[in-house]
Amino acid sequence: MQRRNSIAVGWHKVKQAMIALSFVICSISLSLTLTSCVDTEEYNDTPTGNFEALWKLMDEHYCFFDYKQQEYGLDWNAVYNKYKVRINDNMNSTQLFEVCCDMLAELRDGHVNLSSAMNYGRYWKWQEAYPKNFSDTLYRHYMGTDYRITGGLYFRVLDDNIGYIYCPSFESAFGEGNLDEVFAYLTLCRGLIVDIRNNGGGDLTMAERLAGRFVQQRTLVGYMQHKTGPGHNDFSSKEEWYLEPSQNIRWNKKVCVLTNRSVYSAANAFAVMMRALPNVTIVGDQTGGGSGMPMSSSLPNGWSVRYSACPMYDKDGRNTEFGITPNISVGLSDASIAKNIDDIIEKAREILSQ
């Protein structure tokens, strides 16, 4: 079966571009979609041509093949054979889109998406297949009505003098001035809860900016790699990822970070950074993951495909694509919910009160 290279003007230019992609650029945002130039002229704009272009594109640029082969036996060549038999040039666009999305779902990656005018292909089982461990009703109960809002951050002092910050997303930009207001307001609290449950990510710069308020010196928090060739193992050496302390107000007392399965991408990176700090305890459920910086390319028919290109690791060199486990695992119980009690928040308050 013919599976020809789909990369613009040859792989060597992509290689040069990827080598030039520094760690600083990769750190800008896990949700930032970079564009990889793809030569679709080598594939016909037919169902067969688009399928071949998609498979080859992923084969040469996706960054987690070996890791996922180890984790659950992914075999990308076997995936090709499985879905190729469903492709024929008489099928319509809807049918082609369905087959392509089914093939991409084999990667089990929330950063892998296929976009067309008619639909947006996605894999969300990283959160949908697990308990939510978050309740909007309980959140409103704990926040009350006298909370403050700045830069997309919601915060208040709980009745036991423990500070509480809810960060639902890193898509909202908050500046150093916003964070100064938050930490000045909470400065007399004996401990702090940072709740990132349901945070699906956004701008990694925002995650680093917030995490920088909890570190007192330049600290190694992880590593990153980038692709250097078309092979599944063609990567640069691991580049060190450091968290820089903020030059403004910093927090040096105990902190609990609350997580659930809906913590993804830049929020997952925030949990990775915070777990590397000595005064931080991660409480709740395992995060959803999403540790690959995404890039995007297009198929001959104009559909856009996004995929993980740069893997990230924690400070111990462990892959965090499938999330990180909390220091203390806690879930919400139905009995507690009926009593307006959030078990995860209460465990954090217990830890901070010790």
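**Ground rule.** I call a residue buried when its relative accessible area is under 20%, exposed when over 50%, and partly exposed in between. I also keep in mind that this is a predicted model.

**Overview.** I looked up the inventory first: the protein has 13 helices and 14 strands. Of its 354 residues, 55% count as buried. I then checked the contacts with a separation of 6 or more, and 76% of them are between residues 24 or more positions apart.

**Aromatic pairs.** How many aromatic pairs does the count come to? I get 18. I describe each pair by the distance of the ring centres and the angle of the planes.

I took tryptophan 126 with tyrosine 264 to begin with. Their centres are 3.9 Å apart with 20° between the planes, and the pair is stacked. Tryptophan 126 sits in helix α7 (residues 125–128) and tyrosine 264 in the loop between β10 (255–259) and α11, so this pair ties together parts that are 138 residues apart in sequence. Buried or exposed? Tryptophan 126 has 13% relative accessibility and counts as buried. Tyrosine 264 is buried as well, at 4%.

Tyrosine 139 belongs to helix α8 (residues 136–143) and tyrosine 166 to strand β6 (residues 162–166), so the pair links parts 27 residues apart in sequence. Tyrosine 139 comes out at 15% relative accessibility; that is under 20%, so it counts as buried. Tyrosine 166 is buried too, with a relative accessible area of 6%.

I also noted one aromatic cluster, formed by Phe51, Trp55, Tyr62, Phe64, Phe65, Tyr67, Tyr72, Trp76, Tyr80 and Phe322.

**Helix packing.** I turned to α10 (residues 204–211) and α11 (residues 266–275), whose axes come within 9 Å and cross at roughly 25°. Angles under 35 degrees count as roughly parallel, so α10 is roughly parallel to α11. The crossing of α10 past α11 is right-handed. Which residues make the contact? From α10 I have Leu204, Ala207, Glu208, Leu210 and Ala211, and from α11 Ala266, Ala269, Phe270, Met273 and Met274. I sorted these residues into nine nonpolar, no polar and one charged.

**Leucine 158.** I found leucine 158 in the loop between β5 (153–157) and β6. Its relative accessibility is 6%, so I count leucine 158 as buried. What does leucine 158 touch, leaving out residues up to four places away in sequence? My list reads Tyr142, Tyr164, Ile193 and Arg349. For tyrosine 142, which is 16 residues from leucine 158 along the chain, the C-alpha atoms are separated by 7.8 Å.

**Positive phi.** Arginine 108 has a positive phi near 50° and lies in the loop between α6 (93–105) and β2 (113–115). I have arginine 108 down as partly exposed, at a relative accessible area of 38%. Asparagine 133 has a positive phi of about 55°, and its place is in the loop between α7 and α8. Asparagine 133 is buried, with a relative accessible area of 10%.

Conventions: Residues numbered from 1 in each chain as written. Predicted model: local features only at pLDDT ≥ 70, side-chain atom pairs only at ≥ 80, totals over all residues. Heavy atoms only, no water. Axes fitted to C-alpha atoms, helices over the stretch in contact; angles between N-to-C directions. Helix = DSSP H or I, 4+ residues; strand = E, 2+ residues; numbered from the N terminus. Parallel < 35°, antiparallel > 145°, perpendicular 65-115°, else oblique. Left-handed = near helix turned anticlockwise from the far one by under 90°. Contact = heavy atoms within 4.5 Å. Nonpolar A, V, L, I, M, F, W, Y, C, P; charged D, E, K, R; others polar. Phe/Tyr/Trp six-rings, centres within 6.5 Å; stacked < 30°, edge-to-face > 60°. Buried < 20%, exposed > 50% of the residue type's maximum accessible area, 1.4 Å probe, protein only.
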